[in-house]
Amino acid sequence: QVQLVESGGGLVQPGGSLRLSCAASGFRVSAYVMRWYRQAPGKDGELVAGISSVGTNYADSVKGRFTNSRDDVKNTVYLQMNSLKPEDTGVYYCNALFFRNQHWGQGTQVTVAS
């Protein structure tokens, strides 16, 4: 059974931090391109960050604040989010891509507000 389970979302004040987790089963995250998307209110989905065997990449809006990492033993990817801003609010989705195979997590809500 291929599955991605996301966790770590919640309500945080501006300037705060959250760490999102994406635990995979049924495949190895080390063999996939792992990506984080977010859907902000009233906006299209946005690619936030990615990690693969060739490195990491980030949207300009989160560079220097977010860090994508991978734990191959736990088969889990993480998105460390620091210095959060209200515009970071949205539903964050974990995505796994391997050639024509693609899987999505259920999403986790991140709300940045005072």
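This passage describes the overall fold, the surface and selected residues of one protein chain, as seen in a predicted model.

The secondary structure of the protein chain consists of 11 strands and 0 helices, and, read along the sequence, these elements follow the pattern β-β-β-β-β-β-β-β-β-β-β. The radius of gyration of the chain is 13 Å, close to the 13 Å that the globule rule gives for 114 residues, so the chain is as compact as a globular protein of that length. Taken along the principal axes, the box filled by the C-alpha atoms is roughly 40 × 25 × 25 Å. Of the 114 residues in the chain, 41% are buried. When contacts between residues at least 6 apart in sequence are considered, 54% of them join residues that are at least 24 apart.

The accessible surface of the protein chain comes to about 6,100 Å², and carbon and sulfur atoms account for 49% of this area. With regard to charge, the chain carries 11 positive and 8 negative side chains, and the centres of these two sets lie 4 Å apart.

Aromatic side chains form a further feature of the model, in which 4 aromatic pairs are found. A pair of aromatic rings is described by the distance of the centres and the angle of the planes. In the pair formed by Y37 and W104, the ring centres are 5.2 Å apart and the planes stand at 50°, so this pair is tilted. Y37 belongs to strand β4 (residues 33-39), whereas W104 belongs to strand β10 (residues 101-104), so the pair ties together parts of the chain that are 67 residues apart in sequence.

A second pair is made by F98 and F99, whose ring centres lie 4.8 Å apart with the planes at 85°, so the arrangement is edge-to-face. The two residues can also be described by their accessibility: F98 is partly exposed, with a relative accessible area of 32%, while F99, at 72% relative accessibility, counts as exposed. Ring pairs link F98 and F99 with F27 and Y32 into a cluster.

Most residues other than glycine have a negative phi. F99, although it is not a glycine, has a positive phi of about 55°, and this residue lies in the loop between β9 and β10. A positive phi is likewise found at S83, where the value is near 50° in a residue other than glycine. S83 is located in the loop between β8 (76-81) and β9 (90-98), and with a relative accessible area of 41% this residue is partly exposed.

Another serine, S52, is placed in strand β5 (residues 45-52). With a relative accessible area of 16%, S52 is buried, since the class takes in residues under 20%. When residues up to four places away in sequence are not counted, S52 touches Y32, V33 and R70. Y32, one of these contacts of S52, is also a member of the aromatic cluster that includes F27, F98 and F99, while V33, another of the contacts, falls within the span of strand β4 (residues 33-39), the strand in which Y37 lies.

Notes. Residues are numbered from 1 along each chain as its sequence is written. This is a predicted model: local features need pLDDT of at least 70, side-chain atom pairs count only at pLDDT 80 or more; totals for chains, interfaces and linings use all residues. Side-chain values use heavy atoms; hydrogens and water are left out. Helices (H or I, at least four residues) and strands (E, at least two) are DSSP runs, numbered from the N terminus. The radius of gyration is taken over C-alpha atoms; the globule rule is 2.2 Å times the number of residues to the power 0.38. Buried means under 20% relative accessible area, exposed over 50%, partly exposed in between (1.4 Å probe, protein chains only). Contact means heavy atoms within 4.5 Å. Accessible areas come from the Shrake-Rupley method with a 1.4 Å probe; for residues, only the protein chains shown count as cover. Lys and Arg count as positive and Asp and Glu as negative; His and the chain ends are not counted. The place of a charge is taken as NZ of Lys, CZ of Arg, CG of Asp or CD of Glu. Rings of Phe, Tyr and Trp (its six-membered ring) pair if their centres lie within 6.5 Å; planes under 30 degrees apart count as stacked, over 60 as edge-to-face and the rest as tilted.
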